[in-house]
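Here is a short walk through one protein model. Keep the structure in view and follow the elements as they are named.

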Amino acid sequence: MIVLKTAREIEIMRKACQISAEALQIAGEAVKAGVTTYEIDQIAYNYIKKQGAEPNFLHLYGFPATACISINDEVIHGIPSKNRVLQEGDIVSIDLGAKIDGYNGDNAATFAVGKISEEAKRLCDTTCESLYKGIEQAVAGNRVGDIGNAVQNYCEERGFSVVREYTGHGVGTQLHEDPSVPNYGTAGRGQRLLPGMTIAIEPMINMGTKAVKQMPDGWTVKTLDGKLSAHFEHTIAITKSGPVILTEL
């Protein structure tokens, strides 16, 4: 069931989204060679708690950390660890959110560790740009398929592939709400977008095949061919005057 939010509820939700965005920014600033993913996770946890909010990924479905931190060929749901040390040239996707006053925020970005390859930079840039192509289509009266189609076309035209198994989603009093928001699809198809909907758009884009595999830890998802993957996400509100990015600083 899709829950439409009032303008007042969206403003309350904006607080959770801003804390989420600030935590992501601070976590991203900690991405450096020699730092562990556990240290980054703790930085995000401490910041969110200091704001009086709760890290909404922690213990969700049993996930053991504040942030999903995925390196190189890891697509999503990487578990932070004291044994995962970042290396020069890595790309690191951080996905996290915060809950406060009953509402959730959710966002993600991929960060470079020092100097990365040109192909890795192109993947990250394309994934980020595709997010904004999707947001442009998040207009009242359009359909979910318009968002996915915009993301898919932008990435595939540049030689990259779109993960099918994981999608964006509604966000509100629950972190994951209806509707599902795929990063692929047919324009003009799917759920109609209505003012008051709040959704997370989150392209997960691979350098090689779109196929993925889950690791034995039950969480980490990797590309099947071992090539790089990038991930960017914003929580947005659909309003009569156009999309509003709630997790934008």
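Eleven of the 13 residues of helix H4 are buried, so H4 is largely enclosed by the rest of the structure. The model is a predicted one. H4 covers residues 144-156. From first C-alpha to last, H4 reaches 18 Å, close to the 18 Å expected at 1.5 Å a residue. Its buried residues begin with a run: Val144, Gly145, Asp146, Ile147, Gly148, Asn149, Ala150, Val151 and Gln152 are among them. Tyr154 and Cys155 are buried too.

What do the buried residues of H4 pack against? One partner is a helix, H3 (118-136). The others are strands: E8 (161-162), E10 (177-181), E11 and E12 (204-206).

Take E11 next. This strand spans residues 198-201, and both of its faces are covered. In a regular strand, side chains alternate between the two faces of the sheet. In E11, Thr198 and Ala200 lie on one side, while Ile199 and Ile201 lie on the other. All four are buried.

E11 also has strand partners. With strand E9 (residues 168-170), E11 pairs in the antiparallel sense over two bridges. Here His169 stands opposite Ala200 of E11. With strand E16 (residues 234-239), E11 is joined by four bridges, again running antiparallel. Ile199 has Ile236 of E16 as its bridge partner.

Now turn to helix H2, residues 37-50. H2 has 14 residues, which should span 20 Å at 1.5 Å a residue. Which residues of H2 are buried? They are Thr37, Ile40, Asp41, Ala44, Tyr47 and Ile48. These residues cover an arc of only 130° around the axis, which puts them on the same side of H2. They pack against helix H1 (7-29) and against several strands: E1 (54-55), E2 (68-71), E4 (91-96) and E5 (98-100). Just after H2, Gly52 takes a positive phi of about 80°.

Strands of a sheet pair through backbone hydrogen bonds, either parallel or antiparallel. E2 and E4 pair over four bridges.

The cut-off for a disulfide is sulfur atoms within 2.5 Å. Seen from Cys128, the closest cysteine sulfur is that of Cys124, at 9.1 Å. The two residues can also be placed by accessibility. Cys124 counts as buried, because its relative accessibility is 8%. Cys128, at 25%, counts as partly exposed.

Technical notes:
Residues numbered from 1 in each chain as written. Predicted model: local features only at pLDDT ≥ 70, side-chain atom pairs only at ≥ 80, totals over all residues. Heavy atoms only, no water. Expected span 1.5 Å × (residues − 1). Buried < 20%, exposed > 50% of the residue type's maximum accessible area, 1.4 Å probe, protein only. Arc of directions from axis to C-beta. Contact = heavy atoms within 4.5 Å. Pairing = 2+ DSSP bridges.
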